[in-house]
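This briefing takes up a few local features of the structure shown below, grouped by topic for a reader who wishes to check each one against the model.

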Amino acid sequence: MTDQTTAITDWLASAHPAPPAARGEWMIGGLAMLPTGRAFDTVRISAAIVHAAAQSGDSDTVAAYLGHMADGPVIHDAYDAGVWYYALVPLGTCAHHDTPDAQLLTPETTWLGVPALHRTARPGAYWICPPRRREDYCVPAGVDGVIRLGRRRAAEPRGVAVPVRPDLDRIAHECGRLLDGTPARADTLSLDDAAVRTLRCRGYLMVLLPALQNIEARLSPDDPSRSRLLLGVTEAHRQLGLDSESENLSTQYAHAQRLARCCVDTVDLLRALDAPTAAR
């Protein structure tokens with residue numbers, strides 16, 4: 001077992017009132033029952049919503065989609081035909097999800113079957129997107145985007161594809177507020193505050209990127225706007241690919257600002273290309 005695997009296992013086990021018991025359950029049966037609301041919160045999402053958002057029920061396709069949009073650990077309960085997905089999110093971030101198809105599991109009163117890290121395929125519950133490090137979480141805004149898009153696509157007539165339409169005004173406003181700060185303002189923030197800002201901006205960028213890609217698919221090869229669009233897509237991917245964690249407050253805050261700037265620039269590009277702007 002590598003140091004990274006040990007760190008992740010210790011983090012997950014810390015959710016259990018008796019962590020050694022969780023480790024024993026993983027060793028014996030490959031599945032440990034852990035209470036939510038201690039080391040992580042959990043959003044339960046119906047397979048119908050996830051598959052509609054990903055436009056596929058193929059596990060590899062869904063894994064790639066969730067890895068891009070949610071950017072964090074997700075469990076797939078595959079005992080049946082694919083009934084539920086469970087996204088691990090930071091504590092206290094997703095209480096607004098409280099419907100039958102997408103619900104934050106009641107903290108500390110719901111026990112979740114969490115597979116051992118090596119379980120990354122059927123049968124049974126498995127990690128469709130495994131945790132990559134200790135305290136790895138899905139981006140709340142990305143989880144929100146999956147749920148919104150899945151609900152909308154599930155309600156569409158079969159075969160009708162509607163472009164992704166993020167709320168550009170809200171994203172520009174929220175990211176603009178972060179950019180209005182100065183580097184000195186980082187002294188007034190905690191590292192957790194800066195990390196949350198980083199995750200929020202990453203989530204916004206994950207929602208904006210599909211809108212850019214939808215426009216790219218519609219442009220002709222000789223369209224003069226294409227080169228500008230491709231530069232925007234490349235920069236968005238580059239920012240999402242950068243390490244989003246730092247133990248240095250100023251470095252973390254600066255990364256959040258770079259993501260915010262990329263989001264604002266992407267919004268400007270979408271508006272310039274006449275992208276759909278209605279809030280979803």
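Cys138 is buried, with a relative accessible area of 0%, in what is a predicted model. The sulfur of Cys138 is 7.2 Å from the closest cysteine sulfur, which belongs to Cys129, and this is too far for a bond, because a disulfide requires two cysteine sulfur atoms within 2.5 Å. The points below begin with the cysteines and go on to the aromatic rings, a helix pair and selected backbone positions.

**Cysteines**

- A search of the whole structure for disulfides returns zero.
- Cys263 is likewise in no disulfide, and the cysteine sulfur nearest to that of Cys263, in Cys175, is 4.0 Å away.
- With a relative accessibility of 0%, Cys263 counts as buried.

**Aromatic rings**

- Two aromatic pairs are found when the whole structure is searched.
- In the pair formed by Trp11 and Phe40, the ring centres are 6.1 Å apart and the planes stand at 70 degrees, so the arrangement is edge-to-face, given that planes over 60 degrees apart fall in that class.
- Trp11 belongs to helix H1 (residues 3-13), while Phe40 is in the loop between strand E1 (31-35) and strand E2 (41-46), so this pair ties together parts that are 29 residues apart in sequence.
- Trp11 counts as buried at 2% relative accessibility, and Phe40 counts as buried at 0%.
- The rings of Trp11 and Tyr137 have centres 5.5 Å apart and planes at 90 degrees, so this pair is edge-to-face.
- Tyr137 lies in the loop between strand E8 (126-129) and helix H5 (140-155), and Trp11 in helix H1, so the pair ties together parts that are 126 residues apart in sequence.
- Tyr137 is buried, as is Trp11, and ring pairs link Trp11, Phe40 and Tyr137 into a cluster.

**A charge over a ring**

- Arg44 is placed over the face of Trp84, at 4.4 Å from the ring centre.

**Helix packing**

- Helix H8 (residues 226-241) packs with helix H9 (residues 249-272) at an angle of about 155 degrees, and the two axes are 10 Å apart.
- That angle makes H8 roughly antiparallel to H9, because angles over 145 degrees are counted in this way.
- The crossing in which H8 passes H9 is left-handed.

**A contrast between sequence and space**

- Val196 and Tyr253 are separated by 57 residues in sequence, and their C-alpha atoms are 9.8 Å apart in space.
- Val196 is part of helix H7 (residues 191-218), and at 41% relative accessibility Val196 counts as partly exposed.

**Positive phi values**

- Most residues other than glycine have a negative phi.
- Gln55 has a phi near 55 degrees, a positive value in a residue other than glycine.
- The position of Gln55 is in the loop between helix H3 (47-54) and helix H4 (59-69), and with 53% relative accessibility Gln55 counts as exposed.
- Asp71 also has a positive phi, near 55 degrees, and is a residue other than glycine.
- Asp71 is located in the loop between H4 and strand E3 (74-77), and at 11% relative accessibility Asp71 counts as buried.

Definitions and conventions:
Residues are numbered from 1 along each chain as its sequence is written. This is a predicted model: local features need pLDDT of at least 70, side-chain atom pairs count only at pLDDT 80 or more; totals for chains, interfaces and linings use all residues. Side-chain values use heavy atoms; hydrogens and water are left out. Rings of Phe, Tyr and Trp (its six-membered ring) pair if their centres lie within 6.5 Å; planes under 30 degrees apart count as stacked, over 60 as edge-to-face and the rest as tilted. Helices (H or I, at least four residues) and strands (E, at least two) are DSSP runs, numbered from the N terminus. Buried means under 20% relative accessible area, exposed over 50%, partly exposed in between (1.4 Å probe, protein chains only). A charge sits over a ring if NZ of Lys or CZ of Arg is within 6 Å of the ring centre and within 35 degrees of the ring normal. Axes are lines fitted to C-alpha atoms, for helices over the stretch in contact, and angles run from 0 to 180 degrees between N-to-C directions. Angles under 35 degrees count as roughly parallel, over 145 as roughly antiparallel, 65 to 115 as roughly perpendicular and the rest as oblique. A crossing is left-handed if the near helix is turned anticlockwise from the far one by less than a right angle, and right-handed if clockwise.
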